[in-house]
Amino acid sequence: MSSLPGIPRIALTWLLVAQVLVIVPHLVHLPLWMIALWLGAAGWRVQIFRMRARYPNGWAKGGLVLLVLAGILLSRGTLVGLDAASVLLIATFTLKLLEMRTRRDALVLIFLGFFCVVTAYLFEDGILAALYSLLPVTALLTALVGLQHSGFAERPWPPLRLAGGLVLQAVPLMLLLFVFFPRMGPLWSLPLPNDKGVTGLSDSMEPADIAELSRSSALAFRASFESEVPPRGQLYWRALTLERFDGRRWSQSGYADVPVAPQWSKAGAPLDYNIIMQPSGKRWLYALDVGEMAQDSGRMMNDFRWQRLRPVDRPLLYQVRSWPEAVRQAQAEPPGIRQALQLPQQGDPRSRAWAAELKAQYPQSDALVAAVLQHFNREPYVYTLRPQPLGSDSVDDFLFNTRRGFCAHYAGAMTFVLRAAGIPARVVAGYQGGELNPSGNYIQVRQFDAHAWVEYWQPGQGWRSVDPTFQVAPERIEQGLEEALTEEDGFLDDQPFSPLRYRELAWLNQLRMSWENLNYGWQRWVLGYQGEQQLKLLQNWFGSFDWQRLALVLVGTGALLIGLLALCLLKPWQQRPDPQRQAFRKYERLLARHDVRREAGEGARSFALRAAQQLPEQAAQIETFARCFEQQRYAGGPASRDALRKALSDLRSALPWRLSR
Amino acid sequence: MRTKLDTCLDSVNQVLLGKEAQVRLALTCLLARGHLLIEDLPGMGKTTLSHALARVLGLSFQRIQFTSDLLPGDILGTSVFDKDSGQFVFHPGPIFAELVLADEINRATPKSQSALLEAMEEGQVTIEGATRPLPEPFFVIATQNPVSSGGTFALPESQLDRFLMRLSLGYPAQAAERALLLGDARRDLLPRMESILDHAELARLQAQVPKVRASDALIDYVLRLVEATRSQPQFAWGLSPRASLALLAAARAWALLAERDYVIPEDVQAVLPSVVGHRLRERADPTGHGGGSLVQWLLREVPAL
């Protein structure tokens with residue numbers, strides 16, 4: 001043990017500081033007992049340092065590991081998956097303190113710390129998190145520097161200063177690599193952490209059983225328009241369609257899941273915009289009707305929704321061109337249209353009867369749809385996020401008894417009635433509206449903007465969208481959710497600290513907008529800087545550009561840097577010219593052509609002896625040169641380049657001419 | 001003058017057959033005012049070599065047989081009460097000779113070893129508060145059995161460092177051994193040897209050694225050698241500045257013996273194995289005797305020019 005260097009006090013201090021800084025950003029997803037574990041381990045380690053405690057033996061360590069595993073199993077329910085694995089990682093990072101005896105162990109801990117800093121990005125990759133991570137990185141570097149200090153060093157600041165300097169020096173290199181380093185696709189995709197794939201949308205909806213809709217102000221996506229932003233009443237962001245109804249629950253049908261783009265024809269002026277989507281853990285993408293995207297972003301499914309091959313598990317940037325006035329599947333009856341007429345065998349007799357009544361009254365589809373919308377408008381329906389639970393005939397109960405609900409209720413009920421009246425219809429789920437950030441000319445759509453509406457099909461006209469919620473609460477569509485809510489609902493009253501609640505405070509709102517702007521820039525230019533975008537930027541800078549050229553540039557820059565470094569280290573301009581050495585090199589080269597090579601450790605005299613043995617005819621000339629060299633170099637004879645040159649040329653003329661051997 | 005050195009060498013070589021290189025190195029060591037450690041098995045001629053050197057150089061000779069019960073006083077001398085004069089009278093020990101042969105030095109306890117080694121370093125001894133100078137010239141040849149022999153106290157590195165050179169005599173070649181078997185007993189030859197140098201001549205030769213020219217290029221070579229031992233991973237530790245001084249002094253003496261007034265890299269290479277062999281250890285085996293292979297590495301890899 002005594003031969004192994006221990007851990008200096010400064011390094012231990014900084015290591016503990018670094019551990020706290022590394023663990024803090026993980027706290028949002030770590031179970032609380034982790035704090036206790038760290039406090040215990042750190043306290044134990046400090047006591048070991050003060051020689052008040054011993055290192056735990058094998059049994060104690062084994063027990064701790066089992067305890068941690070049990071804790072993870074209890075709090076996460078599993079030992080696999082990203083969440084459990086990250087808890088396990090942090091626990092390892094903590095427990096390693098207890099077997100940190102030598103510098104080598106401390107090094108392991110420090111490298112593990114760097115890894116933990118990186119894993120924190122899986123949970124939070126905002127600008128604050130990125131800036132914050134400089135802190136633990138600096139602290140870890142400080143611990144690394146401190147590890148090289150003597151155990152007697154007392155002052156904790158010099159290593160910090162050195163580490164800070166190192167970080168600062170690394171910044172230009174970091175920027176350079178950020179801009180130029182090619183981004184490679186992930187080799188495998190990580191499942192999302194549980195708390196990250198928040199989405200207000202799911203692939204089914206069950207309005208009858210929802211007593212209270214949970215509202216989240218988390219961001220769903222941002223859309224930036226190249227031209228003017230359309231009024232929010234037109235912003236219906238389609239995500240998916242729900243076509244199957246079992247009496248209570250709307251869900252996706254198999255017909256919609258066919259990756260065959262349906263027939264449609266462009267009309268009117270297109271809208272161009274970019275979307276930066278937050279990770280949703282789902283495969284669908286958001287677009288206004290009818291969207292067009294590049295092939296590598298996703299593909300259009302049979303119900304006009306866009307879908308990727310893999311779930312969106314990190315922020316995604318894609319470009320869309322939408323044709324809001326396009327005509328969809330107007331020419332022929334779409335395959336699978338019968339799914340849009342599907343109804344449960346029985347149930348909801350009053351609604352069916354009402355539908356039959358309407359059908360008799362309005363034989364034209366358009367007129368019937370208008371009548372249903374008018375019904376919602378005229379009758380005393382209430383838009384609320386706290387509807388009453390519905391009975392077994394949920395549609396009947398809603399349409400004729402409670403008359404309180406949110407978008408899913410209205411869309412579901414209307415689709416049911418249209419189908420009962422023989423009109424193909426389906427529920428579209430997505431987002432509606434969004435908040436315009438005036439300084440950035442982009443729209444932020446949050447999870448509470450999730451919405452459901454209806455589209456119906458008729459021959460010759462194709463699919464058309466209508467929104468029954470607009471009839472009940474037009475302000476929901478035109479101004480946003482908070483305007484549509486009644487007193488009893490209260491906007492975001494489950495999130496008292498959300499800045500969105502205090503929009504009436506102008507300065508706060510402006511502050512929030514600027515902050516959002518900053519985040520948008522981060523998303524757009526930092527996190528979204530990959531693939532296409534990187535290529536485009538580099539093309540802007542360097543004209544025609546491809547990855548091969550980038551590789552060349554990178555290799556060239558690297559070689560240049562190493563060359564400059566070598567120049568600085570070797571300083572060839574400071575070496576004085578050494579004519580004797582130069583002459584001797586020529587002599588060596590000359591003899592090497594005749595197969596006599598000097599070994600590195602061979603002196604001039606022994607080399608000359610050997611050479612004279614191998615070339616006996618030129619022995620005299622070889623010895624003359626060697627003696628001349630020795631006289632000048634070792635005996636303090638007058639330095640004369642000419643004498644050496646003459647001896648060399650004598651030898652050269654004595655030797656048969658050879659270019660190489 | 002220099003031819004007298006050659007005569008010395010010839011004379012010793014007549015007694016110690018077939019060991020020209022070692023004899024030359026031993027003389028080099030003496031010219032450079034260094035002490036010599038001879039490490040070999042018993043009966044290889046260690047004593048004969050030292051005795052012969054003492055004879056031809058005209059030095060007074062004393063031999064101390066080191067044993068495990070040898071005390072420092074046995075080496076340095078003691079004060080004995082003289083009842084006639086009523087005073088303590090100092091009786092000098094065997095160390096007060098010009099050439100001291102410390103036979104089997106590693107059989108004595110470290111305490112006795114250090115008494116000798118201090119005298120070697122200081123050139124004087126302090127006994128009972130009185131400092132007494134040792135004769136000039138003062139030259140120690142210590143012999144030791146290889147460390148693996150039983151009942152020995154190996155010299156620590158710090159004390160090995162005080163010897164300028166370590167030599168190993170080795171078995172004689174067959175022809176030399178034949179001559180040895182056919183000729184007279186070696187010990188009988190010794191009293192018949194005549195001294196070739198006197199003290200003044202020896203002192204003059206020793207004074208010439210530091211004047212032998214060592215050019216910048218040669219110093220660079222010595223520095224490269226030393227730097228290699230300090231930076232290359234296979235060395236447990238590098239050579240000390242004392243070692244680099246010793247290397248240069250030995251190379252100068254070697255050049256003087258070769259009748260040159262300047263040093264060339266070959267001189268350094270000739271003395272390198274015996275000067276640094278006992279000061280180097282392999283990192284893989286810090287207590288072992290890996291010096292030899294490290295020296296070979298140095299000779300082969302360090303650029304001589």
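Two residues are in contact here when heavy atoms lie within 4.5 Å. Helices (H or I, at least four residues) and strands (E, at least two) are DSSP runs, numbered from the N terminus. The model is predicted, so local features need pLDDT of at least 70 and side-chain atom pairs count only at pLDDT 80 or more, while totals for chains, interfaces and linings use all residues. Side-chain values use heavy atoms, with hydrogens and water left out; residues are numbered from 1 along each chain as its sequence is written, and chains are lettered from A, with ligands numbered from 1, in the order in which they are written.

Let us start with chain A. Its secondary structure comes to 22 helices and 21 strands. Of its 661 residues, 46% are buried, where buried means under 20% relative accessible area, exposed means over 50%, and partly exposed is in between (1.4 Å probe, protein chains only). Chain A exposes about 33,600 Å², and carbon and sulfur atoms supply 60% of that area. Accessible areas come from the Shrake-Rupley method with a 1.4 Å probe; for residues, only the protein chains shown count as cover. Among contacts in chain A between residues at least 6 apart in sequence, 72% join residues at least 24 apart.

Next come some backbone details. Most residues other than glycine have a negative phi, and most peptide bonds are trans. Phe304(A) has a positive phi, near 70°, and is found in the loop between strands E11 (299–300) and E12 (306–307) of chain A. Phe304(A) counts as buried because its relative accessibility is 3%. Arg403(A) has a positive phi too, of about 55°; its place is the loop between helix H11 (394–402) and strand E16 (404–405) of chain A. With a relative accessible area of 15%, Arg403(A) is buried. As for peptide bonds, the one from Asp289(A) to Val290(A) is cis, with omega near -25°. Val290(A) sits in the loop between strands E9 (287–288) and E10 (291–293) of chain A.

Now turn to chain B. This chain has 13 helices and 9 strands, and 52% of its 305 residues are buried. Its accessible surface comes to about 13,600 Å², of which 52% belongs to carbon and sulfur atoms. Chain B also has a cis peptide bond, from Glu136(B) to Pro137(B), with omega near -5°. Pro137(B) lies in the loop between strands E7 (130–133) and E8 (139–144) of chain B.

Finally, look at a pair of helices in chain B. The axes of H2(B) (residues 20–31) and H11(B) (residues 241–257) come within 8 Å and cross at roughly 115°. Axes are lines fitted to C-alpha atoms, for helices over the stretch in contact, and angles run from 0 to 180 degrees between N-to-C directions. On the H2(B) side, Arg24(B), Leu25(B), Leu27(B), Thr28(B) and Leu31(B) meet Ala250(B), Ala253(B), Trp254(B), Leu256(B) and Leu257(B) in H11(B). By class, this contact has 8 nonpolar, 1 polar and 1 charged residues. Here Ala, Val, Leu, Ile, Met, Phe, Trp, Tyr, Cys and Pro count as nonpolar, Asp, Glu, Lys and Arg as charged, and the others, Gly among them, as polar.
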